[in-house]
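Student: Can you walk me through this one? I have a few quick questions.

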Amino acid sequence: MRGTMNEDVYPVGLERVDETTVRVQWSDGEEQMLTGEDLRNHCPCATCREKRSAPPPDPLELPIVGDSPTVGAQAIVSMRPVGNYAYQVTFGDGHDTGIFTFELLRSLAQK
Ligand SMILES: [Zn+2]
């Protein structure tokens, strides 16, 4: 269950905890930890949305070597403000097309 969202809430502090974790301080005093895994799993860009909704491409489950090390895809390289409503997150594998609104960021911590 999500509580009511105050639209005036915005981040007042971002602090890197480790390679894959960032602590966010919000203007209403709340603090939350954001992980690269959560961010990546909820990346709102078209590429990631497609990936998540795509059916399994190969029913044989042949062994593969992954596109990139998991920790790379889940590492948070940077978070930069976009306007006054969102952050652009760059992941360790160079993925940076996801724009995370404050509301989305906030929701990731309230599950
Ligand atoms: Zn994405």
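Predicted model: local features only at pLDDT ≥ 70, side-chain atom pairs only at ≥ 80, totals over all residues.

Tutor: Three strands make an open sheet in the order 4-5-6, with antiparallel pairing. Strands are DSSP runs of E, at least two residues, numbered from the N terminus, and two strands pair if DSSP finds at least two bridges between them.

Student: Which strands stand at the edges?

Tutor: Strand 4 and strand 6 (99–101); each has a single partner strand, so one side of each has no neighbour in the sheet.

Student: How many bridges join strand 4 to strand 5?

Tutor: 6, between residues 76–82 and residues 86–91. The hairpin has 3 residues between these strands, and glycine 83 there takes a positive phi near 55°.

Student: Other topic. Which protein donors does the zinc ion have?

Tutor: Cys43 (SG), Cys45 (SG), Cys48 (SG) and His95 (NE2), at 2.1 to 2.3 Å. Donors are N, O and S atoms within 2.8 Å of the metal (3.2 Å for Na, K and Ca); water is not among the atoms, so sites may look incomplete.

Student: Are cysteine 45 and cysteine 48 buried or exposed?

Tutor: Cysteine 45 is buried at 6% relative accessible area, and cysteine 48 is buried at 6% too. Buried means under 20%, exposed over 50%, partly exposed in between (1.4 Å probe, protein chains only).

Conventions
Residues numbered from 1 in each chain as written. Heavy atoms only, no water. Helix = DSSP H or I, 4+ residues; strand = E, 2+ residues; numbered from the N terminus.
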